[in-house]
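Morning, everyone. Let's walk through one model together. Please have the viewer open.

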Amino acid sequence: MKYLFFSLASVMCVLYSCGNPGAEKNSNKEVAVSLDTAFNSFKASYINNLWEIYPGWASSLGYHKNDSVLVVNDEAFRKKEIDFANSNLDSLKRFSVMKLSSINKTDYYILENTLHGMIFFGTEFKEFEWNPASYNVGGSFAEILQGKHATVNEKLRTLFVRMANISAYYEAAKKNIQRPTMEYTDLGIQQNKGSVDVFKSMMKDSLKKSSLDANEKKLIEARINESVKAIESYVAWLTELRTKLVVPDPTVKYNSTAVMARSFRIGKDLYEKKFKYDIVSRFTAEEIYNKANHRKEELQAEMLKLTKELFSKYFPQVRVPGVYTKEHTKMLIDEISKKHVKRDLFQDAIEKQIPELTKFVSDKNLIYLDPSKPLVVRKEPAYMAGVAGASISSPGPYDKEGNTYYNVGSLAGYSAEGAESYLREYNYYILQILNIHEAIPGHYAQLVYSNQSPSIVKSIFGNGAMIEGWAVYTERMMLENGYANNEPEMWLMYYKWHLRSVCNTIIDYSIQVLDMSQEDVVKLLVEDAFQQKQEAENKWKRATLSQVQLTSYFTGYTEIYELREELKVRQGDKFDLKVFHEKFLSYGSAPVKYIRELMMND
Ligand code: ZN
Ligand code: ZN
C-alpha cells in the first residue's frame with residue numbers, strides 16, 4: 001500500500017510541474033484530464049485496498065474475491081483501519097480538488113468525509129464496545145452460500161476457510177464488549193440464536209447436496225460443528241451478561257457483580273457527529289430538528305383546512321359544533337382509507353400505474369426517462385418477505401447488466417383482517433404516492449440517472465439522505481404539478497404520508513438527544529401524525545436500535561426543496577424544472593450539500 005501511494009505521488013508531481021497557469025487554454029485542459037486520470041487510478045486502488053480490509057462488505061456488493069476471509073475485530077484490526085484512513089487522507093491532499101471534474105470533485109468530498117468518519121467511528125463512537133448485535137456471522141455465510149457467483153463445491157471450500165476464524169471472531173467480541181445497551185444485548189442474543197440455523201441446516205444441507213469426496217465432507221462438517229459451538233458459546237455468554245445488566249440508578253445499591261448498562265440514547269455530542277458523517281448536510285442535526293417541528297405545524301394547519309372542506313362530504317349526518325380539530329381529521333383519514341384496491345389486484349394495480357406515471361411525467365415535462373431501462377414489477381421474493389410493502393432492488397456496482405426490480409409484497413400470508421388493515425394503509429391514494437416514491441419519478445428514476453454518471457465511489461458510499469430525499473421530494477413535486485387533478489383527498493393523504501418522514505426526524509432527535517419517553521413518543525405519533533398504535537410502538541423500538549438514519553428522508557427532502565426554491569428566485573424566468581431535475585441527478589448519489597455547491601457555482 002505504501003509503495004502504491006508513493007508512486008501515485010510522483011505521478012502527481014509530474015502533473016503539477018507541467019501545469020503552467022499562464023499556458024494556453026488547450027494545455028490547461030490536458031492537465032485537467034490527466035489530473036482526473038490520476039484521481040481515477042487513486043480511486044481504483046483505494047477501493048481495492050478497502051475490500052481487503054472489509055471483505056464482508058465487498059461480498060455483500062457482489063465482489064467475491066476475498067470471501068474466504070472473516071475479519072476479527074480486535075485491536076490490531078482497528079489500528080489497521082485508522083492507519084488506512086490517515087494514509088488515504090494524506091494521499092487526498094495531493095489532489096487540488098477544484099481542478100477535478102464535477103464527478104470527481106463530489107467523489108473527493110465523499111471519500112474525505114468517509115475517511116474522517118472512519119476515524120470518528122473507530123475512536124469515538126466505538127459501537128464495537130456496546131453493540132453485541134454487531135457481532136453475527138450468520139448473514140454473511142448465508143449470503144455467500146446463496147450467491148450465484150460460484151458452484152456449491154467452490155462456495156463450500158471458500159466457507160471452510162472462512163469458518164476457521166469464527167472462534168477468534170467471537171472471542172474478540174467478548175473482549176471488546178464493555179458496557180452494552182440492554183436493547184442491543186437482547187437483539188444480539190436473538191439474532192445469533194437465529195444464525196445457529198444457518199450452520200446446522202443451510203450449510204449442512206448444501207454439504208449433503210455437494211459432490212465433494214467423503215473425506216473433504218468430513219473436514220467441513222467438523223468445522224461446521226465447531227462454528228455452531230462458538231456461536232452458542234457467545235449466546236450463552238451474552239445471556240449470562242444480560243442477567244447482570246442494570247440500568248444505572250443512583251438511588252439503588254447494586255451488588256458487586258452488577259454491570260451498568262449503557263443507555264441506548266447517544267446524547268447530543270455523538271448524535272451531531274454521527275449526523276455529520278452519515279447524513280452529510282449543510283445543516284446541523286439540531287437545525288433539521290427545528291425545521292421538522294416547523295414543517296409539522298405547517299402540515300397540520302393544511303390538514304385542518306382540508307378537513308373543513310371535506311368533512312361534510314364524508315359525514316353528512318355529523319354536525320360539528322364550532323371548530324374542527326385533529327379528531328375530525330383522523331375520522332376523515334380513516335373514512336377515506338376505505339377506498340382501496342381489492343386484495344388480489346394489489347400487484348396488478350401497481351403494474352398498471354407505472355405507465356400512467358411515466359406518461360404524466362412526460363406530458364408535464366418534468367424529467368426525461370430513458371425508455372430503454374424498463375422497471376420490472378415482480379412479487380417480492382421469499383427471502384425478502386415481510387420487510388416492506390414495496391421496494392426497489394437495483395443491480396449492485398459489480399452487476400451492471402442486472403435488472404431493476406420493483407418488489408411488491410404479497411398479501412398471501414395475511415388473514416382477512418390483516419389484509420384489510422394493510423390495504424387501508426396502502427389505500428387508493430397512498431398507493432399512488434408510494435409508486436411515485438419508489439418508482440417514477442422517485443428511486444427508480446434517480447437510479448437510472450445515477451448509473452449514467454458511473455462512479456464506483458458513489459455506488460459504494462451513495463448518500464442515503466440524497467437518495468431518500470429525492471424520493472420524498474418527488475411526491476410533493478408531482479402533486480404541485482397537478483398530479484391527481486389537485487383532488488383534496490390526495491393532498492390530505494399526501495400530508496399524512498409526509499408527516500411520517502417529518503415525525504421520524506422529530507422522534508429520533510427527541511429520543512436520542514432530548515430524553516423523550518416511550519409514552520410521549522407513541523402519543524406524538526398517534527395524536528400528531530395519525531399513526532396506528534402498533535406502528536408507533538414499532539417505531540419506538542426501531543429508534544432504540546438505530547441513530548440518525550431516521551432523519552435522512554426529511555433532511556434530504558428539505559435540502560433539495562430549498563435548493564430548488566433558491567435557484568427559482570435566482571434564475572427568474574429562466575428557471576426550468578426539467579433542466580433542474582436532470583442537472584441535479586446528473587451528479588449521481590452525492591450529498592445534496594456538494595451538488596448544491598456545484599449547481600450554485602454553475
Ligand atoms: Zn376494505
Ligand atoms: Zn425510499
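One definition to start: two strands pair if DSSP finds at least two bridges between them. Keep in mind that this is a predicted model.

Now the strands. Strand β3, residues 376-379, pairs with strand β5, residues 405-408. Four bridges hold that pairing, and its sense is parallel. Within it, R378 has N407 in β5 as its bridge partner.

Next, strand β4, residues 390-393. Four bridges join β4 to β5 as well, but here the strands run antiparallel. Which residue in β5 is the bridge partner of S391? It is N407.

On to the metals. Take the zinc ion called ligand 1. Its protein donors are H340, through NE2, and E420, through two OE entries. They lie 2.1 to 2.5 Å from the zinc. H340 sits in the loop between α13 and α14, while E420 is in helix α15. That links distant parts of the chain, 80 residues apart. H340 has a relative accessible area of 24%, so it is partly exposed. E420 is at 30%, so it counts as partly exposed too.

H437 is at 7%, so it is buried. H443 is at 10%, so it is buried as well.

Thanks. Questions, please.

Conventions
Residues are numbered from 1 along each chain as its sequence is written. Chains are lettered from A and ligands numbered from 1 in the order in which they are written. This is a predicted model: local features need pLDDT of at least 70, side-chain atom pairs count only at pLDDT 80 or more; totals for chains, interfaces and linings use all residues. Side-chain values use heavy atoms; hydrogens and water are left out. Buried means under 20% relative accessible area, exposed over 50%, partly exposed in between (1.4 Å probe, protein chains only). Donors are N, O and S atoms within 2.8 Å of the metal (3.2 Å for Na, K and Ca); water is not among the atoms, so sites may look incomplete. Helices (H or I, at least four residues) and strands (E, at least two) are DSSP runs, numbered from the N terminus.
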